[in-house]
Amino acid sequence: MQYGICPQSIVALRYAPDDGSEMLSQLLYGEHFKILEARKKWSRIRMAYDNCEGWVANLQILQISEDEYLEIHKEKHPNYAMDVVSHICPEDNNMLQPVVLGSVLANSISLKAKFEGEFTSGVRDSSFLIDTALLYLKAPYLKGGKTPFGIDCSGFTQMVYRINGHQLYREAEQQSRQGDALSFIEESEPGDLAFFDNNEGIIDHVGIILKDNYIIHVHGEVRIDRLDHTGIFNTDKKIYSHQLRVIKKII
């Protein structure tokens, strides 16, 4: 088995080993993974954090030893960058490298760097989830995205929870199987997750509940809309955009 870590700010994780293949997720700086299959230009990997599997370009990853992988992996609550954009300075050169919100500031032998921005670590209670979610406000929708410069609905919820020390799976349908279901919106609290399904009954959307029957979610961009028993009411278009399926308390 081979192992790796992401040395770049943002790297595409694709469905197939081709630059034209659809992006299923992203690797952020400092995220580590197992290499399941290595080819000349591409590698199929499994993310250590959420077991998400896909293809990355070999030019954009850095191989590490098994010992280093295990050392990184045993750190359950690493430091996460908290600025929308901050910079690190690698020890092997004097050039500043940008890193985005949620990047992992791992104590890695291979990625030794100086970081002087804001960061957080450890498990924080649900009151911090909303403040973190608002940092992504107005981020454009990007399928597979995980950053303030492009993000999808489940990437948004996963990153908000991850930064605060709580683990979610990558996809909305997977996340809907976590936590405890609530019977009514009135039972929910800020930070709980609301899930929505399509006409076939498949859960394909998720958002974070705010106080006073509002929700923050990704629909064209990270935005705030009204939430009721029917679903999400788009306050700009004055229509329901998503049909409510279930509310889950994760924390």
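This is a predicted model: local features need pLDDT of at least 70, side-chain atom pairs count only at pLDDT 80 or more; totals for chains, interfaces and linings use all residues.
Residues are numbered from 1 along each chain as its sequence is written, and side-chain values use heavy atoms, with hydrogens and water left out.

**View 1. Lining of the largest pocket.** A pocket is an open set of points on a 1 Å grid over the protein atoms alone, where a 1.4 Å probe fits and protein lies on both sides within 12 Å along at least five of seven lines; its lining residues have an atom within 4 Å of a point. The volume is the space filled by probe spheres set on the points, which are joined across faces, edges and corners. Of the 37 residues that line the largest pocket, I72, E75, H77, P78 and V104 are the closest to its centre. Two or more lining residues come from each of β4 (32-38), β5 (42-47), α1 (66-73), β8 (79-81), β11 (104-105) and β12 (113-115), with helices (H or I, at least four residues) and strands (E, at least two) taken as DSSP runs numbered from the N terminus. The most is given by α1, with four residues. By class, the lining holds 15 nonpolar, 13 polar and nine charged residues, where Ala, Val, Leu, Ile, Met, Phe, Trp, Tyr, Cys and Pro count as nonpolar, Asp, Glu, Lys and Arg as charged, and the others, Gly among them, as polar.

**View 2. The second largest pocket.** About 150 Å³ of space lies in this pocket. Its lining has 13 residues, of which P90, D92, S110, L111 and K112 lie nearest the centre, and by class there are seven nonpolar, three polar and three charged residues.

View 3. The structure holds 16 salt bridges, each being a side-chain nitrogen of Lys or Arg within 4 Å of a carboxyl oxygen of Asp or Glu. D236 forms one with R223, the closest N and O atoms being 3.0 Å apart. D236 lies in the loop between β21 (231-234) and β22 and R223 in strand β20 (residues 222-227), so the pair ties together parts that are 13 residues apart in sequence. D236 is exposed, with 58% relative accessible area, whereas R223 is buried at 10%; buried means under 20%, exposed over 50%, and partly exposed in between (1.4 Å probe, protein chains only). Shared partners join E37, R39, R44, R46 and E53 into one network of salt bridges. R44 pairs with E53, their closest N and O atoms being 3.2 Å apart, and R44 is partly exposed at 26% relative accessibility, as is E53 at 33%. E189 forms a salt bridge with K249, with 3.0 Å between the closest N and O atoms. That pair links distant parts of the chain, 60 residues apart: E189 in the loop between β16 (180-182) and β17 (193-197), and K249 in strand β22 (residues 239-249).

**View 4. Helix α3.** Helix α3 (residues 153-163) is mostly covered, with 11 of its 11 residues buried; among them are F156, M159 and R162. Just after α3, G165 takes a positive phi of about 90°.
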